[in-house]
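Colleague: Could you take me through how the strands of this model pair and turn?

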Amino acid sequence: MLYYSKVESEELKVDLYTDPEGVNHARMEDGREYPVDFIPALGEDLFSLLIGDQSHEIHVEPGEAPGEYEVTLDGQMYRVQVQTEREHRLAALAPTSNVHAGEIPIKAPMPGLVTIVAVEPGQAVEKGQRIAVLEAMKMENELKAPRAGTVKSVNVNPGQTVEQNKVLAVIE
């Protein structure tokens with residue numbers, strides 16, 4: 001499995017895989033490859049790490065953000081961010097500028113039945129506030145405001161069936 005790691009300011013792309021003989025390997029982006037073994041030691045956050053023929057003691061604690069860890073390797077502490085290949089690709093697609101400037105259409109993520117419309121035009125909303133609830137495949141999907149603003153328009157009513165990408169409301 002491919003992982004993208006950022007250790008301090010250095011970015012690493014590591015492919016972890018198991019060969020047919022059951023040996024785990026780490027293949028670096030530059031082609032270097034090492035047999036690795038990572039097993040729990042004393043406690044749930046202390047591990048024994050074997051890279052090639054070198055043994056390391058490693059202590060791992062979750063960081064403040066998802067995918068972030070505080071890793072102490074041989075007595076040296078590092079802040080490490082780890083992403084799967086999917087997470088890395090999605091992050092690369094996300095705009096880095098202010099995504100929520102101007103009008104924001106709140107769209108149906110899938111076809112379904114609008115069961116609740118929780119706002120009305122002219123209403124002020126806070127980030128994370130419920131805008132509407134869409135029932136699809138026997139599940140309720142709560143659609144929330146991505147930022148604070150004012151509801152410019154509401155384009156649906158409770159009980160209405162909508163198609164995917166239908167604009168349910170607009171926030172400005």
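Colleague: In the hairpin of E3 and E4, which residue takes a positive phi?

Modeller: This is a predicted model, in which local features need pLDDT of at least 70, side-chain atom pairs count only at pLDDT 80 or more, and totals for chains, interfaces and linings use all residues. Residues are numbered from 1 along each chain as its sequence is written, and side-chain values use heavy atoms, with hydrogens and water left out. Strand E3 (residues 24–28) pairs with strand E4 (residues 33–40) in the antiparallel sense over three bridges, where strands are DSSP runs of E of at least two residues, numbered from the N terminus, and two strands pair if DSSP finds at least two bridges between them. Four residues lie between these strands, and the one with a positive phi, near 100°, is glycine 31.

Colleague: Which residue of E5 is the bridge partner of proline 40?

Modeller: E4 is also joined to strand E5 (residues 46–51), and the two run antiparallel with five bridges. Within E5, the partner of proline 40 is phenylalanine 47.

Colleague: Which strands stand at the edges of the open sheet of four strands?

Modeller: That sheet has the order E9-E16-E14-E11, with antiparallel pairing. Two of its strands have a single partner strand each, so one side of each is left without a neighbour in the sheet; these are E9 (104–107) and E11 (124–125).

Colleague: In the hairpin of E12 and E13, where is the positive phi near 50°?

Modeller: Strand E12 (residues 130–136) and strand E13 (residues 139–144) run antiparallel, joined by six bridges, and alanine 136 has methionine 139 as its bridge partner. Two residues lie between the strands, and the positive phi belongs to methionine 137.
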